[in-house]
Amino acid sequence: MFSCHHVFILLFLYRYVRLAVNLVAFCLHRPIPLPENPRLTCQNVTVVIPSLRGDGGELWETIRSILATEPYEIILVTVEAEEQRAQKMAKEANLSKVRICSVSQPNKRRQMVRAIPEVRTEITIFADDDVTWPSTLLPWMLAPLEDERYGGVGTNQRLRRAERPNLQQRLWGYLGALYLERRNFDCASCMFIDGGLPCLSGRTVAYRTCILRDEAFTYQFTHEEWLGQYQLNADDDNFITRWLVSHGKKIAYQHHKRAEVLTTLEDNPKFLKQCLRWSRSNWRSNITSMFCDGHIWTRQPWSTYAVYLTTVSHWAIVWDALLIYLYFDMAGSWPRESQECGLAVLAGWMFLSKFLKLLGHYIRYPVDFLLLPVSILFGYFHGLIKGYAMLSLNVTAWGSREGADDDDAYRMVRVSQKHQEAFEFRSAIFCTQ
């Protein structure tokens, strides 16, 4: 029969072996190096940018940074209402490498499917409309794709910090930066151990065009079902990541400064709505990966333990409270001095575990270490966000971006409505060259 001593050890190991091993893996991880004589070049790349906007400073900065990498072409897919603005921007800026496509209503899957048939190159890169690329990005993203076994490539991401932020922006921006830092850590660690990662983020991701054009892929991408009751038209990057894994394609993650993409997150209370949306997406995708597809259990066993299972098992405040309770129950018969010493060791380790994987951020921005208590408290609060997300998985609203929810009803359609909506999806989109 298990005693509190045994339960404490099992729970401690279950929680912290993951961290210890990932710390070693993160230090050992190296990106796939650039080949001496690459077959793929920038001219083999088309960049697709799904956007709600047809103009604006942030969109222009994204296009400018992408053009600096000299891809073959950029396809900007916006909505009909913004098409004229996009055409005007491209004409005034003499953007000969930018083509404009439009769809009737905003939906990222719809926009992606519209652009894919227009791609004329071997590699397609999807990029969000608020990212900034380094000029060195494309060779690093193409390096893994020299090997035909690889189907997709992701990169590490950093937050584009606000200039002269006020206190509120600094606090929310700090939490957003840590979110990306934590994600980079998990991706690099798991990639080193078993070639897995939680998701190839759609902020910037490369795929072989032939995969995206496969009829079976296109059908499943536009007919994904959730719980047998809904057609799901959100979580596009999660779907494609699962597709690659289930079809035996390797994925790569290029964690390197020259492949580092800058992005923006909300620096106000809307960040909480972003966290809620991400959490819902994680629940839906990870449940599908573990209990419907099932391929990750054998192909990515460490990633399954270190990332996917945390969706259902990682609740910071519950774990911390339970470990402390079990410790006191276990150490009740110890001498007082030993109890205090053991508690100090346990508390010290629990404190270290809160920031070890984020150490890279604190090295770059030492002043942010003063905000560490904020991140610890937010980690506990995030359990409430995660719990609420679990209870509202049929909600797909963004809530954090103007115009993003104009067509929210389309992102989760009841199966009984599916056929009519699918027909409208295929017939309502067009492209202007």
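Reader: Which residues lie nearest the centre of the second largest pocket?
Author: This is a predicted model. In it, Glu-224, Phe-239, Arg-242, Thr-288 and Asp-293 lie nearest the centre of that pocket, out of 14 lining residues.

Reader: Which elements give two or more residues to that lining?
Author: Those are β8, α9 (236-246) and α10 (270-293).

Reader: And how many of the lining residues are nonpolar, polar and charged?
Author: Six are nonpolar, four are polar and four are charged. The volume of the pocket is about 290 Å³.

Reader: Back to β8. What is the strand order in its sheet?
Author: The order is β8-β9-β12, in an open sheet of three strands with antiparallel pairing.

Reader: How many bridges join β8 to β9?
Author: Two, and β9 covers residues 230-232. Glu-225 has Gln-231 in β9 as its bridge partner.

Reader: What holds strands of a sheet together in general?
Author: They pair through backbone hydrogen bonds, in parallel or antiparallel fashion.

Reader: New topic, β3. Is it buried or exposed?
Author: Six of the six residues of β3 (residues 98-103) are buried, so the strand is largely enclosed by the rest of the structure.

Reader: Which of them point which way?
Author: Val-98, Ile-100 and Ser-102 point one way, while Arg-99, Cys-101 and Val-103 point the other way.

Reader: Which strand is joined to β3 by six bridges?
Author: That is β2 (residues 73-79), which runs parallel to β3. Val-77 has Cys-101 in β3 as its bridge partner. With helix α3 (residues 80-92), β2 and β3 make a right-handed β-α-β unit.

Conventions: Residues numbered from 1 in each chain as written. Predicted model: local features only at pLDDT ≥ 70, side-chain atom pairs only at ≥ 80, totals over all residues. Heavy atoms only, no water. Pairing = 2+ DSSP bridges. Helix = DSSP H or I, 4+ residues; strand = E, 2+ residues; numbered from the N terminus. Buried < 20%, exposed > 50% of the residue type's maximum accessible area, 1.4 Å probe, protein only. Right-handed = clockwise from strand over helix to strand, strands pointing away. 1 Å grid on protein atoms, 1.4 Å probe; cavity = no way out; pocket = protein on both sides within 12 Å on 5 of 7 lines; lining within 4 Å. Points joined across faces, edges and corners; volume = space filled by probe spheres on them. Nonpolar A, V, L, I, M, F, W, Y, C, P; charged D, E, K, R; others polar.
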